[in-house]
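Please examine the structure below, with attention to one strand and its surroundings. The briefing is arranged by topic.

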Amino acid sequence: METFGARLHRAVAERGPLCVGIDPHPGLLARWGLPDDVDGLDRFARTVVEAIGDQVAVVKPQSAFFERFGARGVGILESTIRQLRESGALVLLDVKRGDIGSTVAAYASAYLDPAATLSVDAVTASPYLGVGALAPMFELAAAHGGGVFVLALTSNPEGALVQRARTADGRTVAQTVIDEISQLNADAQPLGSFGLVVGATVGETGHDLSRVNGPLLAPGLGAQGATAADLRTVFGSSLPSVLPSYSREVLGAGPDPVALRAAVERVLADCRAVLAD
């Protein structure tokens with residue numbers, strides 16, 4: 001069985017270092033001239049997949065924007081995941097789940113068990129009930145070749161109060177998360193399957209990412225204010241592990257499929273130029 005880290009390494013080599021989010025919020029649907037209902041959601045998601053699904057290494061649907069339409073919205077999410085997989089893209093579901101015991105195990109089964117209708121390649125997770133509480137998620141991911149991206153240093157200003165708080169040993173909370181994920185990836189080749197989420201807008205972090213040996217998802221690029229050049233400041237020598245993530249910067253070019261593909265080519269060129277350094 002091929003690990004998620006190996007699949008991601010190959011996808012980035014073939015398609016380039018880029019993740020594109022599918023975030024169908026009401027304002028974006030309106031910008032596309034679509035109604036804020038399940039039909040608009042379905043047309044939006046299908047257009048994105050058909051335009052860029054065969055172009056981008058990783059696509060990241062934001063689950064909340066599908067869930068807000070109830071069962072029909074979740075059904076469209078299932079269809080979108082299936083279409084993305086058929087296009088050859090890796091699917092990272094942005095759900096930011098985090099819990100304890102049987103509940104986190106149930107979340108893991110929902111997204112990381114190949115038999116599940118919402119089965120994806122990887123998910124995002126919140127560690128703030130303790131990184132160890134996510135163990136069932138890590139275990140199921142490892143058993144089925146999946147991945148988990150754990151929040152570490154996020155772009156929202158409110159996150160710093162928790163993430164940069166100091167623990168008894170002097171490390172920040174974020175550094176303890178970084179260190180525990182680094183241990184999970186020890187000795188993995190060519191890349192660990194457990195990643196971290198580090199916002200592209202956070203600037204010089206003062207944190208040590210050098211031993212992660214896994215992918216570093218960098219949201220916050222484009223409409224949220226960061227540029228590809230900012231990745232140098234945030235990640236330094238860890239740049240080779242960075243997976244830049246754009247959403248509105250690309251999606252705002254729609255609904256024209258040609259314009260969506262051109263937007264992907266533009267941001268991918270920016271990322272390649274920085275990561276090549």
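The points that follow concern a strand, its partners, the nonpolar cores and a neighbouring loop. The model is predicted. Strand β6 spans residues 194-198, and 5 of its 5 residues are buried.

**Strand β6 and its pairing**
- Burial applies to both faces of β6: F194, L196 and V198 lie on one side, with G195 and V197 on the other.
- Strand β5 (residues 147-153) runs parallel to β6 and is joined to it by 5 bridges.
- Within β6, L196 stands opposite V150.
- Strand β7 (residues 216-221) also runs parallel to β6, with 2 bridges between them.
- L216 in β7 stands opposite L196.

**L196 and the nonpolar cores**
- Beyond its neighbours within four places in sequence, L196 is in contact with F149, V150, A152, V177, I178, I181, L209, V212, P215, L216 and L217.
- The largest nonpolar core holds 77 residues, and those touching the most other members are F44, V123, V148, L196, V198, L231 and F235.
- A second, separate core comprises 15 residues, including A11, L90, L191 and V197.
- In soluble globular proteins, nonpolar side chains tend to be buried together.

**The loop between β6 and β7**
- T205 is located in the loop that lies between β6 and β7.
- The relative accessible area of T205 is 6%, so T205 is buried, the cut-off being under 20%.
- Not counting residues up to four places away in sequence, T205 touches L153, R164 and V234.

Definitions and conventions. Residues numbered from 1 in each chain as written. Predicted model: local features only at pLDDT ≥ 70, side-chain atom pairs only at ≥ 80, totals over all residues. Heavy atoms only, no water. Buried < 20%, exposed > 50% of the residue type's maximum accessible area, 1.4 Å probe, protein only. Helix = DSSP H or I, 4+ residues; strand = E, 2+ residues; numbered from the N terminus. Pairing = 2+ DSSP bridges. Core = buried A, V, L, I, M, F, W, Y, C linked by side-chain atoms within 4.5 Å. Contact = heavy atoms within 4.5 Å.
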